[in-house]
Amino acid sequence: MEFKQNQRQGAVKQITSHTNPIVKEIKGLVAQRRHRRDSGLFVAEGLKLATDALDAGWGVRYLALGPEARENDIALTAAAKAKARGAMILEVSTPVLGAITRRDNPQMVVGVYEQQTLALADINPKDSTTWIVLDRVRDPGNLGTIIRTGDAVGASGVILIDDTTDPFAVECVRATMGSLFHMPLVRCTSDEFVAFRKKWPGPVVGTHLSGTKDYRDVKYKEPVLLMMGNEQAGLSDKLADICSELVKIPQAGQADSMNLAVATAVMLFEVRRNYLKL
Ligand code: SAM
């Protein structure tokens, strides 16, 4: 209740205690997926991410500033912007920042933002380059790295199929290095994706260890759906069956396969090869 009243005005609050209810609430968002799901909020650390989030128009609930940030012009500008949008600005001590993020050397700014995802129906193939489709991705570091790489190559976004790791978990958000705020995310079930795929006008390229086609021998005419498999199980049969191509990245050494995020990066730079210029 107190938060809602303050939110309208964009209040400033000083906090020095670890047991403050707002600090507890933010710690809950860091620690537990359930809290993130129920509240629709998530935590992102750092001034760069705060600036990215604000510039990209994401909703911000709290911006916690440590002592260093309160002397930093960029942080103060970010705080003024967040406050004007109704966020509560928290002036906190360094130990409180450390407790929130469970870090010995916390960033000087920590933000709490509103989650944003799209539905498959929001995707327009005509405006699309390449969508990265991830089948049950498990590792938050992999997901964050893929979001960042997708942003780097100009992909349209990431589609997350069935049960995946939480894209708004702090480890994933960290690994995106701010790209989370620029890359649309879609969540859906495999059945919904199979129905959506039927109307897709471009290539649907699956990566598979039993693929017989070299990934460099395909013509990637966008819009492309690039399908990547789960870290342990690979691409499910159900999803492999709806691909127009199943490709493999040739390997020479003893490794059975490559890390999912690395394989995604190799594929993305090939798919988008003709669009990337120095
Ligand atoms: N044991 C799994 C399997 O049999 O598919 C390995 C999965 S691999 C670690 C995770 C995902 O990365 C794969 O599903 C595929 O999307 C991609 N991948 C990894 N190495 C690849 C390669 N050499 N060629 C094509 N895709 C690859």
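**Ligand shell, salt bridges and backbone geometry**

The shell around the ligand is made up of eight nonpolar, eight polar and two charged residues (Ala, Val, Leu, Ile, Met, Phe, Trp, Tyr, Cys and Pro count as nonpolar, Asp, Glu, Lys and Arg as charged, and the others, Gly among them, as polar). The model is predicted: local features need pLDDT of at least 70 and side-chain atom pairs pLDDT 80 or more, whereas totals for chains, interfaces and linings use all residues. Residues are numbered from 1 along each chain as its sequence is written, and side-chain values use heavy atoms, with hydrogens and water left out.

In total, 18 residues surround the ligand, and Thr207, Gly229, Gln232, Ile249 and Gln251 are the closest (a residue is near a molecule if one of its heavy atoms lies within 4 Å of it). Polar contacts are pairs of N or O atoms within 3.5 Å. The side chain of threonine 207 places an N or O atom 2.6 Å from an oxygen atom of the ligand. For glycine 229, a backbone N or O atom is 2.9 Å from a ligand oxygen atom, and a polar backbone atom of glutamine 232 lies 3.0 Å from a nitrogen atom of the ligand. The protein buries 85% of the 560 Å² that the ligand exposes when taken alone (Shrake-Rupley method, 1.4 Å probe). β12 (245-248) and α11 (260-271) are the elements that give two or more residues to the shell (helices are DSSP runs of H or I with at least four residues, strands runs of E with at least two, numbered from the N terminus).

The structure holds 14 salt bridges (a side-chain nitrogen of Lys or Arg within 4 Å of a carboxyl oxygen of Asp or Glu). One of them joins lysine 81 and aspartate 55, with an N to O distance of 2.9 Å. Lysine 81 belongs to helix α5 (residues 73-84) and aspartate 55 to helix α4 (residues 47-55), so the pair ties together parts that are 26 residues apart in sequence.

Two loops carry backbone features. Glutamate 222 and proline 223 are joined by a cis peptide bond with omega of about 15°; proline 223 is in the loop between β10 (213-214) and β11 (224-228). Aspartate 162, although not a glycine, has a positive phi of about 55°, and is placed in the loop between β7 (157-161) and α8 (170-176).

Definitions and conventions. Polar contact = N/O pair within 3.5 Å; in protein donor to acceptor, adjacent residues only side chain to side chain.
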